[in-house]
Amino acid sequence: MQRVIQRTATARKQALKRTTKAHERQELLERVGIRRARKDYGGALSTQFQEARKNRWEDWEKGPLAPMRDSGLQSTTYGGQDASVLHPPRLPKQEQRRHVLFAEGDRVCVVRGRDQGKINVIQQVNRDSETVLIKGINMADVIIPPWAKDRMGHAGDTQPQSFPVSFDDIRHVIPLEDTNTGKMQNVIVQHAYAAGPYHEREEHSKLPRFTRYVSGLDIEIPWPMEEAPVITDGDMDTTRMTVETNTFTPTLEQPPMPSTVIDELRNKYSRFRTRHDPEYLKEKMKEDLRKEYRQTVSMMTPKTDVKNLRIAQIAEARKAKLDANGNGILTPGAINFINQHIQTQRQVQKPKKFTKVQTSKSKQAA
């Protein structure tokens, strides 16, 4: 029985180790993938900026002789951006913010970039990359692939689209009452923080549970209002009456499920199983008894007799070297060696006698 318990504990430890290693391997692959994606995204942006600077320099340097780039195959897509720029890579978990203070429907002001000073409403929040899409802000033409034209029903080759804006480049805009005039005016919040109380949200809500405040003033920044989705029952939906009908009544007379179900969920002879059948336990105990009997009753041969005799003699010799308390007994030679060593040390540490030396003046006086 002890062997069964030990096997189960060992199997659990091994499974835990394998799971931990798999998680560590998966985290490493995710970090490598995120690093590679951010590198590719930065390289794509850098390449676009370099090409734009190069084209502008050629236009200024060559003047009327500058090439007409808005002709030929690029006549309808000149100046458009690749759609891959619309999806910045996500940040690693250790670099992401704990509290996201922006939500869809917030009025924000852009503090950096070409649209600095413009105010509008957030349309989408990407918590993984810490970016937002603002209505009518950071607009640019996106090149539509040929395969997407039919699905979108768009006739042109480009479409204006809002590009992502980082959390660091926007600030909240909230209405506050002026203490001097008593009128409501829009105020840009430079710093905000998250704290309690924590609210219970509906299942359809995307808002966080914490409350956000203006730093320094401790004024609450209200979350935008959310509309509850309209749910309509279809022909294939199950009615509430059918769902709430009790089909099982617990009782002590019979188990809630057949005993064979457990064997189907987990193998009857699995090492990870903690509950075994009595027949299985009896067989395991019989196996342990057989092993113990085989170890005690072994075939005796002249070689094994000599070996067992030698082992017994060594055990008796070791036991003879111990006293009643189990401590080792010193031999006479060891005791003599210790006494001689102690005497030698005493002679070395014995203090020397110093004699008084007469000086020249004392000799003359004598």
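This is a predicted model: local features need pLDDT of at least 70, side-chain atom pairs count only at pLDDT 80 or more; totals for chains, interfaces and linings use all residues.
Now the next residue, Asp 169. Asp 169 forms a salt bridge with Arg 112, and the closest N and O atoms are 3.0 Å apart. This pair also links distant parts of the chain, 57 residues apart. Arg 112 lies in the loop between β1 and β2, while Asp 169 lies in the loop between β6 and β7. Arg 112 is partly exposed, with a relative accessible area of 45%.

How many salt bridges are there? A search of the whole structure finds eight. Another one joins Glu 200 and Arg 209, at 3.6 Å from N to O. Glu 200 counts as exposed because its relative accessibility is 69%, and exposed means over 50%. Arg 209 is partly exposed, at 41%. There is a network, too: salt bridges with shared partners join Arg 97, Glu 130 and Asp 168.

On to the sheet. Six strands form an open sheet, in the order β6-β3-β2-β1-β7-β8, with antiparallel pairing. Which strands stand at the edges? They are β6 and β8. Each has a single partner strand, so one side of each is left without a neighbour in the sheet. Look at the β8 end. Strand β7, residues 170-177, pairs with β8 over six bridges. Within that pairing, Val 173 has Ile 188 in β8 as its bridge partner.

Next, the inside. The search finds one cavity of 30 Å³ or more. The volume of the largest cavity is about 40 Å³. Its lining includes Val 4, Arg 7, Tyr 269 and His 276. Helix α1, residues 2-62, gives the largest share of that lining, with three residues.

Last, the surface. Leu 330, Ile 335, Phe 337, Ile 338 and Ile 342 form a nonpolar patch there. Together they have about 470 Å² of accessible area. Take Ile 335, which lies in helix α7, residues 332-348. Ile 335 is partly exposed, with a relative accessible area of 39%.

Definitions and conventions. Residues are numbered from 1 along each chain as its sequence is written. Side-chain values use heavy atoms; hydrogens and water are left out. Patches are made of residues with over 30% relative accessible area and no salt bridge: like charges are joined within 9 Å, nonpolar side chains (Val, Leu, Ile, Met, Phe, Trp, Tyr) within 5 Å. Accessible areas come from the Shrake-Rupley method with a 1.4 Å probe; for residues, only the protein chains shown count as cover. A salt bridge is a side-chain nitrogen of Lys or Arg within 4 Å of a carboxyl oxygen of Asp or Glu. Helices (H or I, at least four residues) and strands (E, at least two) are DSSP runs, numbered from the N terminus. Buried means under 20% relative accessible area, exposed over 50%, partly exposed in between (1.4 Å probe, protein chains only). Two strands pair if DSSP finds at least two bridges between them. On a 1 Å grid over the protein atoms alone, a cavity is a set of points where a 1.4 Å probe fits but cannot get out, and a pocket is an open set with protein on both sides within 12 Å along at least five of seven lines; lining residues have an atom within 4 Å of a point. Grid points are joined across faces, edges and corners, and a volume is the space filled by probe spheres set on the points.
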